[in-house]
Amino acid sequence: MDDTLALKESVLFYLDRSGGLVKLVQDCELFDDPQHSEAVYRFCVSVNPSDVMDLDPVLGDQVLHDPLAATRLFRSVCFISIKTLSLIEKIHTENQVNVILKLTHLPPFPEYTLDLRASPRSYGTSRPFAMEGLVVAVTRTTKYTQGARFLCSDEGCPCSTGFHHIRVHSPGATESATVRNDFSCLVCRAPLREDVTFRVLGDKQLVELIHVGVLPLLNVHPPSSLRYQSVTLFLRDELCHSMRLGRLYRVLGTPALVHQWPGVTWSVEANSVQAWEPVYPHQVSEGFQALLKATAGSPWRFPGLLAHSFGCDVVPPGRYNTLKLALLLSLVQTTPDSADTFHSLDLLALASDTLLIDRLMAYSLSLAVRGVRHQLQGEMFASLSRDEHGAGTANIHAGSALLASGGVCMLGDLGGYRKDKLDAIQSVLESRAVGVFVPGRKYGEETDQQLSFPVRCSFWALADSTEPLLRRSSTLLGTAEMGPKPSQLAESFGLVVRCSDTVGGEAVLAQTAHTLSQAVTPGSQPLYPASVQLPFQDYQEFLAHARGLSVGLSSGAEKMIHGYYMASRRVRSDQNHGVNVSVASVKLLQVLLITLAEAHCKLCLRTTVQAEDALMAVLLCENAITLRQGASVLVIPPDAAFPCALGGDVGALRQRELLLDDLQQDVLRFIYAYAPGANSYIAEE
């Protein structure tokens, strides 16, 4: 008795010192409505295990290892406080107070961490654990019973009135453990009957969580035979809708074994949820630092050399430079931050050799912070199934696009998709959301529902340019063949790149020699001694460092982006100058320009976007619009980012820089001639 009293004193002292008593008074004001009476009043108490352990080690041990006993102590103290301060007159017994202890954290030791790969599940004492994982499925919100009032059926028993028999939900318990018709009175053993007018309902949502080790398997082709089993989380009340499909979370929860005849299911009752992203140590390698120092005199030389030598395991240096630069920009700009704003950089590659482009994209996908390769037989966006845990609602499973949240989803060759799939891809690219129709009759609801889930990933796709569909009549207006894909779908992709070989048949011979050398002597010696070749691990660390940079627009970059946007909008809306562009494409143009300029700045490891970064964004955007809609009065080469071949020597690099300087002047003249008010910020000379 003395020990229990000492623990209650420690609880009271902790609540007073941590502000818990003040919050209790504020919560009671919400319940103090004379027109409304409930059987159970629910209070959430924030508990810091470290502070409790410093105050009273015995109480701290109970919080960590016997949470039910600790909850009873906190409930008793809260009830006494409510009655002493006369906060809620409608509370008559301690049973009416339902206290939920919300843990802020757990000790960072292996004993308090639950590895979701561990099997079999623990059958020990029910206590909180910390776990981390990826959300792969969620259900709709349903109702459950927080608490209920029962009365004795014998009118002569004192328990036939009042609040003597109160049942509340406990972690891991099913609905039948809280409410059913075979309970008996503790005084006279007569049957109990529920007073349904005092039943308190809450919200419940089920979430499927899987170990983060599944992420490296999502970009493997063919699919890996390794399988991970998901764990079911129960989110209740304020935790509902706190977890989204495709996101990573750190969860504090209590494992529970739920007996559902004829089997037993293992699940976790969530206590707190926090968005989480793994942090990997990274630094720019000496090779990248030396290359950056050697190219410091030019803003275009460093990213140009990176694109020239990138992907040497797949293609020889210098082939598909524009595509490789676009892939690097997409990898840098696609970040897994938890913010609601997400700037995607979608990419569509047009090529005659789709197999080689597919291999290059797959190689680049392994460098993404999270890369998912969509399989044609799999689900791209979302699918439905019936919940298997008794909730009687629909279970929504994440497809490839939702699983790639914060990363890249590789669609592969669009030639293998049916028309309905292509329409769905176009709709998602335009709205950045996935719509899921839930038929109410099939999943136990009165009405049908249309749910929407945000898509926060970049899409990579490729198409065969040799299949004739759209053929321009003039070289000036763009002779690129878009292939069998509708032009509306191509407009949905932010960046369209034509993968052409400027050297003709020599590229095929170079690729053949490259493939044979890789097959005969893989990794024995550098295949191209004169070219910059950096290890794959160095690229991973470099891209991870570049993603974390925060950049801002300079005055010169902002003027060029705004000027080109206004000039292009004016010219392309005039049929006398070029092909008319849809309103949606024009609205997305400015966002795409800023995204590309920021990505190019990060790729150069700078924090201020310069006019040279803006020029590269303008050239890539103008080439993409020309491929989709035809050229305007601004005439630039088909591969404007690399107007000449890079042989790796200083002369070729200098020639490229001179050509880019000329293109910059062409862009400025275009802005001066067609952008409204351009003469106020661009000099005529």
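This is a predicted model: local features need pLDDT of at least 70, side-chain atom pairs count only at pLDDT 80 or more; totals for chains, interfaces and linings use all residues.
Figure 1. By class, the lining of the largest cavity consists of seven nonpolar, two polar and two charged residues.

**Figure 2. The open, parallel sheet of five strands****.** The strands follow one another in the order β12-β15-β18-β11-β19, and their pairing is parallel. Because β12 (371-373) and β19 stand at the edges and each has a single partner strand, one side of each of them is left without a neighbour in the sheet. On average, and with direction ignored, neighbouring strands of this sheet are turned by 20° against each other.

**Figure 3. Pairing of β15 with β18, and the helix that lies across the sheet strands****.** Strand β15 (residues 408-413) and strand β18 (residues 458-464) run parallel and are joined by five bridges; among the paired residues, cysteine 409 has phenylalanine 459 of β18 as its bridge partner. Helix α10 (residues 354-365) lies across β11 (347-351), β12, β15, β18 and β19, and it runs at about 165° to β18.

**Figure 4. Packing of helix α18 against helix α19****.** The axes of α18 and α19 (residues 650-674) are 11 Å apart, and the two helices pack at an angle of about 80°, which means that α18 is roughly perpendicular to α19. On the α18 side the contact is made by Ala611, Leu615, Met616, Val618 and Leu619, and on the α19 side by Arg656, Leu660, Leu663, Gln664 and Val667. The residues of this contact of α18 with α19 divide by class into eight nonpolar, one polar and one charged.

**Figure 5. Packing of helix α9 against helix α15****.** Helix α9 (residues 321-333) packs on helix α15 (residues 536-547) at an angle of about 55°, with 8 Å between their axes, so α9 is oblique to α15. Leu328, Leu331 and Val332 of α9 meet Leu543, Ala546 and Arg547 of α15. The contact of α9 with α15 has five nonpolar residues and one charged residue, with no polar residues.

Conventions: Residues are numbered from 1 along each chain as its sequence is written. Side-chain values use heavy atoms; hydrogens and water are left out. Ala, Val, Leu, Ile, Met, Phe, Trp, Tyr, Cys and Pro count as nonpolar, Asp, Glu, Lys and Arg as charged, and the others, Gly among them, as polar. Two strands pair if DSSP finds at least two bridges between them. Helices (H or I, at least four residues) and strands (E, at least two) are DSSP runs, numbered from the N terminus. Axes are lines fitted to C-alpha atoms, for helices over the stretch in contact, and angles run from 0 to 180 degrees between N-to-C directions. Contact means heavy atoms within 4.5 Å. Angles under 35 degrees count as roughly parallel, over 145 as roughly antiparallel, 65 to 115 as roughly perpendicular and the rest as oblique.
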